[in-house]
Amino acid sequence: MAEETVIPRSFRLLEELEKGEKGFGDGLCSYGLDDSAGDIVNMEHWVGTIFGPGHSVHENRIYSLKIFCGEHYPQQRPKVWFSTQIVMNGVDPKTGAVNHEAIAVLRDWKPSYTLMTLLKGLRAEMGSHANKKLPQPAEGSMFENQTRVAQ
């Protein structure tokens, strides 16, 4: 049985950064390093953007997220918070923190998944039957007092 090659974390994140900067994907989700985090060398703090799925209350809305890739990423799932307020199953209504057990892409995380996989998975959850009609806060509302946890 062949062993799976493990790419070093830094190489993997550099590859993801390059794809994020080049706009890899369908344009409905994007991501990049969080320049406001200070320490970009470790590539831990990222930001993401999701354009709300059509035929849902999220249509024509833009959602901002914070993503933390710890030292064991991608073997361990990233931690995610919505910065833009959203009412969605699996998202803490006070902090925007995403519950990894409630969101399929995080619950079933595999090392082959990428930040784009994560954002597309969250977008799919937004458009799911359980979430697509939930009443939403005013467009552009942001979660307050989000603190970056030193995971």
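Mentor: Let us begin with a definition: a residue is buried when its relative accessible area is under 20%, exposed when that area is over 50%, and partly exposed in between (1.4 Å probe, protein chains only). The model is predicted, with local features requiring pLDDT of at least 70 and side-chain atom pairs pLDDT 80 or more, while totals for chains, interfaces and linings use all residues. Residues are numbered from 1 along each chain as its sequence is written, and side-chain values rest on heavy atoms, without hydrogens and water.

Trainee: Why does R12 count as buried?

Mentor: R12 has 10% relative accessibility. Buried requires a value under 20%, and therefore R12 counts as buried.

Trainee: What makes E16 and R12 a salt bridge?

Mentor: The term requires a side-chain nitrogen of Lys or Arg within 4 Å of a carboxyl oxygen of Asp or Glu. In E16 and R12 the closest N and O atoms are 2.9 Å apart, so the pair qualifies. Side chains of opposite charge can pair when their charged atoms come close. Both residues belong to helix α1, four residues apart, about one turn of the helix. E16, at a relative accessible area of 2%, is buried.

Trainee: What can be said of D108 and R107?

Mentor: The side chains of D108 and R107 form a salt bridge, at 3.6 Å from N to O. D108 has a relative accessible area of 41% and R107 has 38%, so each is called partly exposed. Searching the whole structure gives four salt bridges.

Trainee: What makes a segment a helix or a strand?

Mentor: Both are DSSP runs numbered from the N terminus: a helix is a run of H or I with at least four residues, a strand a run of E with at least two. By that rule the chain has three helices and four strands, in the sequence pattern α-β-β-β-β-α-α.

Trainee: How do you know that β3 and β4 are joined?

Mentor: Two strands pair if DSSP finds at least two bridges between them. Four bridges join β3 (residues 62-68) to β4, so the pair meets the rule. The two strands run antiparallel, and I67 has V80 of β4 as its bridge partner.

Trainee: Why are β1 and β4 said to stand at the edges?

Mentor: The four strands make an open, antiparallel sheet in the order β1-β2-β3-β4. β1 (29-33) and β4 (79-82) each have a single partner strand, so one side of each has no neighbour in the sheet. Neighbouring strands of the sheet are turned by 25° against each other on average, direction ignored. Axes are lines fitted to C-alpha atoms, for helices over the stretch in contact, and angles run from 0 to 180 degrees between N-to-C directions.

Trainee: Where does helix α1 pack?

Mentor: Helix α1 (residues 9-21) packs on the sheet, where it touches β1 and β2 (45-51), and its direction makes about 125° with that of β1. Contact means heavy atoms within 4.5 Å.

Trainee: Why is α3 called largely enclosed?

Mentor: Nine of its 12 residues are buried, so the rest of the structure largely encloses α3. Among them are L115, L118 and R123. The cover over these buried residues includes α1, β1, β2, β3, β4 and α2 (104-107). Helix α3 (residues 115-126) reaches 17 Å from first to last C-alpha, close to the 16 Å expected, a span defined as 1.5 Å times one less than the number of residues.

Trainee: What makes H58 a buried residue?

Mentor: H58 has 0% relative accessibility, so it counts as buried. H58 lies in the loop between β2 and β3. Beyond its neighbours within four places in sequence, its contacts include P53, Y63 and M126.

Trainee: How do you know that the chain agrees with a compact globule?

Mentor: The globule rule is 2.2 Å times the number of residues to the power 0.38, with the radius of gyration taken over C-alpha atoms. For 151 residues the rule gives a value near 15 Å, and the chain has 15 Å, so the two agree. Buried residues make up 39% of the 151.
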